[in-house]
Amino acid sequence: MRSTLSTSAFRQAARPRRLPSQYSRFASSNAETAQKKTQDALGSAQKTAEKLWESSKKFLGPLGERAGSMLGSYRQPVMYNLSVARELLKQVYVAERLQPPADLAVVRSAYSTLWSRASSQAYWRGILSSGEWVKVAIYAVEAYGIFKIGEIVGRRSIVGYNLH
């Protein structure tokens, strides 16, 4: 027993050790790749924004020219932010495998199901007894919060309307 312990300890001590520079992991290559992808996405977003801007100017004619002149120096940042949002939404659309409804009947069916559940007392009793009411309450608070954020953006003020 003693000889096996000493030989295993000897083998461990005699094993050649690698220096940190000899490890095969190169973290900077991953960062460089990510940075390159980010720069490519940025370039694509800027090109898309410019194309969108030019097509909107053609479509809107003199009104588009006037809107562009009203934006002034904000035109480029606004167009950039819109194109970045568009690219982000495209990625979410693909990642979540979203698709528009194939038929108007699908939309009608979804809304009729929502309405029938909301107006049914049996449904409300069922979610109260099963504990699903917590989930429904959280969804309601989220919807209300999104509505309030929309109001704040629409007013361009957190409290009240600006009356000038």
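Tutor: The model is predicted: local features need pLDDT of at least 70, side-chain atom pairs count only at pLDDT 80 or more, and totals for chains, interfaces and linings use all residues. Residues are numbered from 1 along each chain as its sequence is written, and side-chain values use heavy atoms, without hydrogens and water.

Student: What makes the contact of Glu151 and Lys148 a salt bridge?

Tutor: The term requires a side-chain nitrogen of Lys or Arg within 4 Å of a carboxyl oxygen of Asp or Glu. For Glu151 and Lys148 the N to O distance is 2.9 Å, so the pair qualifies. These residues are three apart in helix H7 (residues 133–155), which means a separation of about one helical turn. Helices are DSSP runs (H or I, at least four residues), as strands are (E, at least two), numbered from the N terminus.

Student: Which residues are linked in a network of salt bridges?

Tutor: Arg86, Glu87 and Lys90 are linked in this way. Glu87 meets Lys90 at 3.4 Å, N to O, and Arg86 with closest N and O atoms 3.9 Å apart. Both distances are within 4 Å, so both pairs are salt bridges.

Student: Why is Glu87 called buried?

Tutor: Its relative accessibility of 19% is under 20%, so Glu87 counts as buried.

Student: How do you know on which side of H4 the residues Met79, Ser83 and Glu87 lie?

Tutor: Met79, Ser83 and Glu87 are buried in H4. They cover an arc of only 75° around the axis, so they lie on the same side of H4; the arc is that of the directions from the helix axis to the C-beta atoms. Leu88, Leu89 and Ala95, on the other side of H4, are exposed.

Student: What is the span of H4, and what is expected?

Tutor: H4 has 21 residues and reaches 30 Å from its first C-alpha to its last. The expected span is 1.5 Å times one less than the number of residues, here 30 Å, and H4 is close to that value.

Note on methods. Buried < 20%, exposed > 50% of the residue type's maximum accessible area, 1.4 Å probe, protein only.
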